Amino acid sequence: MAGQGTPATALLTRRKIAHSTHPYDVSPDAPNYGALVAAALGVPPARVFKSLVTEVDGGLTVAVVPVSGELDLKALAAAVGGKRAAMADRTVAERATGYVRGGISPLGQRKRLPTVVDASALEHPTVYVSAGRRGLQLQLAPADLVALTGAVTAPIAAD
């Protein structure tokens, strides 16, 4: 699919990591955006993960959690040895990652940020994450996601 390259897809191609891209059409302003993306892809919401940029003790950290749940900020802080976590300002998140809200990928970010992937990702043969732009998801093995981002895995999702 021409014209769909992003820093995330370029990284996977360069590293020869098995992956596939999946376009979808969901408004980024729609309520339950993640659930709608999962439905558009025809996969369970537990396999589709969102990338949330947070601040833990003043430093940026990426949390990768299933779209079917919420981020547990206390669990995230504990996973990286911090005391306090909060969602990062949208402008700060976009500037640090090089991606826009609704299209932030955990891969190929402008500045590699510490990353925590929810432990539930390891329960699936493949997971879906943003490919780096709205309307495009990547499917890859969770072990590859963890390795490429240098992530730690921890239970950071709350139902």
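Which strands and which helix are included in what covers the buried residues of H1?

1. Basis of the model. This is a predicted model, in which local features need pLDDT of at least 70 and side-chain atom pairs count only at pLDDT 80 or more, while totals for chains, interfaces and linings use all residues. Residues are numbered from 1 along each chain as its sequence is written, and side-chain values use heavy atoms, with hydrogens and water left out.

2. Overall form. The protein has 5 helices and 10 strands; these are DSSP runs numbered from the N terminus, helices being H or I with at least four residues and strands E with at least two. The radius of gyration is 14 Å, which agrees with the value near 15 Å that a compact globule of 159 residues would have. That radius is taken over C-alpha atoms, and the globule rule is 2.2 Å times the number of residues to the power 0.38. Along the principal axes, the C-alpha atoms fill a box of roughly 45 × 30 × 30 Å.

3. Of the 159 residues, 48% count as buried, where buried means under 20% relative accessible area, exposed over 50%, and partly exposed in between (1.4 Å probe, protein chains only). Among contacts with a separation of 6 or more, 61% join residues 24 or more positions apart; a contact means heavy atoms within 4.5 Å.

4. Helix H1. In H1, which spans residues 7-14, the residues Ala8, Thr9, Leu11 and Leu12 are buried. Seen down the helix axis, these buried residues fall within an arc of 155°, so they line one face of H1; the arc is that of the directions from the axis to the C-beta atoms. The face turned away from the buried side carries the exposed residues Thr13 and Arg14.

5. Cover of H1. To answer the opening question, the cover of the buried residues of H1 includes strands E1 (19-23), E7 (127-133) and E8 (136-140), together with helix H5 (142-149).

6. Positive phi values. Most residues other than glycine have a negative phi. Lys16 counts as exposed because its relative accessibility is 75%. Asn32 has a positive phi near 55° and is found in the loop between E1 and helix H2 (33-41). Asn32 is exposed, with a relative accessible area of 62%.
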